[in-house]
Amino acid sequence: MKTQIICFTIGFIVLFASCTGELDQQPITSKVSTVFYSSEAEIEEAVNGVYAGLQSNGLYGRYMVAAGEIQSDETYDEVPANDSGDFGKLDDFTANSILGSIGSIWQDSYVAVQRANVVLNRIDDVSFNDEAVKNARIGEMKFIRALVYFNLVRLYGDVPLVTQETTDPNSYFGQGRTSKDLVYNQIIQDLTEAESLLPASAGREGKVIKTATQALLGKVFMTLGDWSDAKIWLDRVKNSNVHELVPLTDVFDINKEANKEIIFSVQFASGINGNSEGSSMYQNYSPTGIISGAKGHNLPTKSLYELYTQEDLRMGTYIDITSGGVPYSLKLKANLSVPADGGSNVVVLRYADVLLMLAEVENELGNTAAAVSCLNQVRVRAGLSETAASTQNEVREAVDLERRLELVCEGHRWFDLLRTGRAIEVMNKWFADEHILITIDAHHLLLPVPLSQINTDPSIKQNPGYE
């Protein structure tokens with residue numbers, strides 16, 4: 001439609017899709033959790049497992065970026081039938097509770113949460129050579145848990161909230177779904193605690209640092225409509241002098257992925273461990289025919305492509321179009337020998353996003369001049385003149401457009417429409433303008449809860465409008 005690695009212990013809910021007998025099985029691993037995590041080295045191995053969880057298909061290995069975008073007017077699925085409709089059904093709002101992508105996002109999210117909970121439960125009893133390193137690891141785990149829950153609550157609404165290590169999955173039967181307000185409270189608590197524990201810079205690429213928590217807190221408070229608190233945290237990122245806009249060609253350069261614009265990204269690498277550390281994202285998110293096995297998922301819409309002007313340097317740098325007229329993203333790079341083993345990191349937070357969030361926040365607070373200043377930094381970097389917008393509504397529209405042009409194919413647009421309350425209006429107009437016979441209503445604003453979870457634990461209720 002639309003114009004056309006190591007799991008250390010049993011996870012919560014994620015295994016509920018299996019039979020009861022499987023719930024009682026011990027983890028299949030060479031390390032037994034009851035005797036593991038007794039040294040700094042073992043905790044570090046467990047921490048690496050938490051980061052590795054972000055690479056899973058249900059998170060940033062395949063589905064999460066599309067989940068934040070493909071339901072919007074910004075991207076679409078070129079061949080909806082590919083992969084059993086895992087992307088196509090999200091694209092045309094026919095997703096159901098047995099869709100593979102729906103279950104994968106839920107399952108892999110709770111695996112990641114469980115892994116983080118295990119580390120947080122065990123780390124206090126383990127001595128570290130450097131207490132600052134120990135604190136950093138605690139902060140990293142809290143950030144990742146908050147990030148995963150932030151995605152879950154925006155996609156599904158109320159979700160089960162688990163902040164303790166789950167040693168017996170049966171103990172969680174009957175809990176049901178936790179109010180999204182309580183989930184947001186936990187997200188904010190985790191991020192504020194993490195912010196006080198994390199260093200300003202990391203010794204290794206890909207590690208969570210202080211500004212990542214600040215940027216994510218800004219985004220969380222924006223989602224909650226709390227402009228004042230959002231400004232506090234986003235200003236801290238801006239005033240940290242840790243990040244800056246880099247030359248446009250460097251932002252997604254695979255040889256410069258540690259550039260100062262990147263605040264947090266999920267790491268991938270080609271040609272490592274039997275091609276097991278790479279990403280299939282390029283293969284999945286490329287037009288069919290451009291590379292072997294390309295799936296055509298989450299491609300920029302033609303209407304989005306046409307919003308770029310000729311002077312916009314992001315044309316040919318962020319986005320391009322095939323000879324057949326199909327737009328595609330240049331933010332992921334190909335591995336020509338093994339297409340499913342791409343080495344591009346998946347960017348979760350970067351400084352251009354922070355500046356555009358600040359522009360929106362300042363504008364909503366009535367600080368139009370400050371808003372325009374942040375907006376213009378992004379525009380000028382893209383080769384554009386400074387904005388002519390001057391009124392609050394004009395600036396609001398200018399920021400919205402700039403977010404689309406700057407952040408395309410990074411998984412933000414659907415969430416932007418949700419938090420601003422415009423998803424139904426924008427999408428129904430877009431479908432009408434494109435002569436696509438789809439209309440959406442309030443129930444489409446959330447994904448269905450996987451049927452496997454409901455069948456196993458009836459206290460987990462389905463979202464309204466889904467069977």
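The model is predicted, so local features were taken only at pLDDT of at least 70 and side-chain atom pairs only at pLDDT 80 or more, whereas totals for chains, interfaces and linings use all residues. Residues are numbered from 1 along each chain as its sequence is written, and side-chain values use heavy atoms, with hydrogens and water left out.

Aromatic contacts were examined first. A pair of aromatic rings is described by the distance of the centres and the angle of the planes. Rings of Phe, Tyr and Trp (for Trp, the six-membered ring) were paired if their centres lie within 6.5 Å. Planes under 30 degrees apart count as stacked, those over 60 as edge-to-face and the rest as tilted. By this rule there are 11 aromatic pairs. One of them joins Phe 93 to Phe 431. This pair is edge-to-face, with 6.1 Å from centre to centre and 85° between the planes. Phe 93 lies in the loop between helix H4 (88-91) and helix H5 (100-122), and Phe 431 in helix H16 (residues 423-433), so the pair ties together parts that are 338 residues apart in sequence. Helices (H or I, at least four residues) and strands (E, at least two) are DSSP runs, numbered from the N terminus. Both Phe 93 and Phe 431 are buried. Buried means under 20% relative accessible area, exposed over 50%, and partly exposed in between (1.4 Å probe, protein chains only).

A further pair is formed by Tyr 110 and Tyr 149. Their ring centres are 6.1 Å apart and their planes stand at 80°, so this pair is edge-to-face. Tyr 110 belongs to helix H5 and Tyr 149 to helix H6 (residues 131-156). The pair thus links distant parts of the chain, 39 residues apart. Tyr 110 is buried at a relative accessible area of 0%. Tyr 149 is buried as well, at 1%. Ring pairs also link Phe 93, Trp 414, Trp 430 and Phe 431 into a cluster.

Charged groups were also found over rings. The criterion is NZ of Lys or CZ of Arg within 6 Å of the ring centre and within 35 degrees of the ring normal. The charged end of Arg 154 sits over the ring of Phe 150, 3.7 Å from the ring centre. Lys 331 lies over the face of Tyr 318, at 4.5 Å from the centre of that ring.

Strand pairing was considered next. Two strands pair if DSSP finds at least two bridges between them. Strand E2 (residues 262-266) and strand E6 (residues 346-350) pair in the antiparallel sense over 4 bridges. Val 266 has Val 346 of E6 as its bridge partner. Ser 265 is bridged to Val 347, also in E6. In E2, 5 of the 5 residues are buried, so this strand is largely enclosed by the rest of the structure. E6 is mostly covered, with 5 of its 5 residues buried.

Helix packing followed. Two packed helices are described by the angle between their axes and the distance between the axes. Axes are lines fitted to C-alpha atoms, for helices over the stretch in contact, and angles run from 0 to 180 degrees between N-to-C directions. The axes of helix H12 (residues 351-364) and helix H13 (residues 368-381) come within 7 Å and cross at roughly 155°. H12 is therefore roughly antiparallel to H13. Angles under 35 degrees count as roughly parallel, over 145 as roughly antiparallel, 65 to 115 as roughly perpendicular and the rest as oblique. H12 passes H13 in a left-handed crossing. A crossing is left-handed if the near helix is turned anticlockwise from the far one by less than a right angle, and right-handed if clockwise. Helix H7 (residues 180-197) packs against helix H8 (residues 210-223) at about 155°, with the axes 9 Å apart. H7 and H8 are therefore roughly antiparallel to each other. H7 passes H8 in a left-handed crossing.

Positive phi values were noted in residues other than glycine. Asn 241 has phi near 60°. Asn 241 lies in the loop between helix H9 (227-239) and E2, and is exposed at 64% relative accessibility. Cys 409 has a positive phi of about 65°. Cys 409 is placed in the loop between helix H14 (392-407) and helix H15 (413-419), and is buried at 13%.

Finally, Asp 433 is found in helix H16. Asp 433 is partly exposed, with a relative accessible area of 43%. Asp 433 and Val 378 are 55 residues apart in sequence and 29 Å apart in space, C-alpha to C-alpha.
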